[in-house]
Amino acid sequence: MVMIGMMMVWMMVTIDTVRAATLWSGNFNSYASATDMDKWSFSNRVGEYQAYICGGAAGTQISSWLTLSPSYANMADTTVKQGARIEITGNSVWHSQKMLRTEIIPQIASNSIFTGTRYFQFSMKQDSVNPLNNQYSHQLVFWESHFADIQFEGGNLKFVLSGGQTPWSAPFGNNLWHNFAIQVDYNAKQVTLYHSTGTAQLAVVVPATAANVDTAEWHVGILRLPLNDQQDAAETAVYYSGVYINDAIVPFSGASVTGGTGGGSEGDNAVKDAPIPCSVDSDCPSGICKIEKICMAKQGITGGGVAAIIFALLFAVAVVGLILGYFALKKPESLPSFMR
């Protein structure tokens, strides 16, 4: 029994807790203020985001339409320090076209991140003072090729696939955080939508569905289409928080994920560390400093769940051993001949 107990302790101590790798973090933690985002250019690709899709004259500063604040963040994600408020106005006209655009794009070194199964996670909330105009069609999170969009129209958020298929919609409301994870299977060409509100756990609302999945850029921000070739000039805004690309679902602290099948060995209920800033690989526990100057999460073997299973199995073995030991001492004749 002592030997079994020692084995159990050793196994529980040495098994690491699994962690979902955050392949790209866009949680805005690396920016001291929105003016840091003004430093980005095609010749100076700094920070978490590319920031050049905005209306107005050439040279428009990102900080004129995007602001950062802790009050803009969904604090259900305890790793987030601040969120972003992105606005459009009558000055947000894109390249003299009729549409209005203010968007940011993940600053990623290579499209090789878009492979296998990936989870695009984010939270967003409507500005109650400057809400979106219900009469217009908006694209709030989308891929350049529009194989999957989160859109807004008529007061509702919509999950829209290429071809116009809309398998999910819900009222946007005011002062309510909507949390999303879009699972993209690049091999099977399928997408799965997870959704929740407030601090509730994410759950599947659209199961795996065929889509025209490709490696197009992922956009976060507001694109508003014209109505009868006209645009309303009034300021409207959306808050964005906790934007990530992961290799497994990352729930809020203390929450779990329901209804999914997982996207890798890590499973759906993996836990994420707070991003660690870095300059070189040696700054990181994992030994990998990503292009966004954030450490790649250290990987390990699943701990909590596996340790619990091992504990239960070893406990069962111990109980069986005690029972057999009792019969061997008290009633040896009751045991099979090969065990006497």
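**Figure 1. Tyr 52 and its aromatic partner Phe 42.** Tyr 52 is partly exposed, with a relative accessible area of 28%; buried denotes under 20% relative accessible area, exposed over 50% and partly exposed the range in between (1.4 Å probe, protein chains only). The structure is a predicted model, in which local features require pLDDT of at least 70 and side-chain atom pairs count only at pLDDT 80 or more, whereas totals for chains, interfaces and linings use all residues. Residues are numbered from 1 along each chain as its sequence is written, and side-chain values use heavy atoms, with hydrogens and water left out. Phe 42 belongs to the loop between β1 (22-25) and β2 (49-54) and Tyr 52 to strand β2, so the pair ties together parts 10 residues apart in sequence. Strands (E, at least two residues) and helices (H or I, at least four) are DSSP runs numbered from the N terminus.

**Figure 2. The aromatic cluster and a charge placed over a ring.** Ring pairs connect Trp 24, Phe 28, Tyr 49, Phe 114, Phe 120, Phe 122, Trp 143, Phe 147, Trp 168, Phe 180, Tyr 186 and Trp 218 into a cluster. Over the ring of Tyr 136 sits the charged end of Arg 224, 4.2 Å from the ring centre. The criterion for such a placement is NZ of Lys or CZ of Arg within 6 Å of the ring centre and within 35 degrees of the ring normal.

**Figure 3. The salt-bridge network around Arg 85.** A salt bridge is a side-chain nitrogen of Lys or Arg within 4 Å of a carboxyl oxygen of Asp or Glu, and by this rule the count is 6. Arg 85 and Glu 87 meet in a salt bridge at 2.8 Å, N to O; the relative accessible area is 10% for Arg 85, which is buried, and 14% for Glu 87, also buried. Asp 127 likewise bridges to Arg 85, with the closest N and O atoms 2.8 Å apart. Because Asp 127 lies in the loop between β6 (117-126) and β7 (138-143) and Arg 85 in strand β4 (residues 83-88), this pair ties together parts 42 residues apart in sequence. Shared partners join Arg 85, Glu 87, Asp 127 and Glu 235 into one network.

**Figure 4. The salt bridge between Asp 36 and Lys 39.** The side chains of these two residues meet at 3.2 Å, N to O. Asp 36 counts as buried, at 18% relative accessibility, whereas Lys 39 counts as exposed, at 51%.

**Figure 5. The nonpolar cores.** A nonpolar core is a set of buried Ala, Val, Leu, Ile, Met, Phe, Trp, Tyr and Cys residues joined through side-chain atoms within 4.5 Å. The largest core has 55 residues, and those with the most contacts inside it are Leu 66, Ile 104, Met 124, Leu 140, Ile 150, Phe 159 and Trp 218. Strand β15 (residues 236-246) gives the most to this core, with 4 residues. Another core, of 6 residues, lies apart from it and includes Ile 53, Trp 94, Ile 105 and Leu 223. Beyond its neighbours within four places in sequence, Ile 104 is in contact (heavy atoms within 4.5 Å) with residues including Phe 28, Met 37, Tyr 49, Trp 65, Leu 66, Ile 86 and Trp 218.

Figure 6. Strands pair if DSSP finds at least two bridges between them. β2 and β5 run antiparallel and are joined by 4 bridges, with Tyr 49 opposite Pro 106 in β5. Strand β14 (residues 218-224) pairs with β5 in the antiparallel sense over 5 bridges, and Leu 223 in β14 is the bridge partner of Arg 101.

**Figure 7. Strand β11 (residues 178-185) between covered faces.** His 178, Phe 180, Ile 182 and Val 184 point one way from β11, while Asn 179, Ala 181, Gln 183 and Asp 185 point the other way, and all are buried. β6 pairs with β11 in the antiparallel sense over 8 bridges; here Phe 120 has Ile 182 in β11 as its bridge partner. Strand β12 (residues 190-197) also runs antiparallel to β11, joined by 8 bridges, and Ala 181 is partnered by Tyr 194 in β12. β11 and β12 form a hairpin with 4 residues between them, and Lys 189 in the turn has a positive phi of about 55°.

Note on methods:
Phe/Tyr/Trp six-rings, centres within 6.5 Å; stacked < 30°, edge-to-face > 60°.
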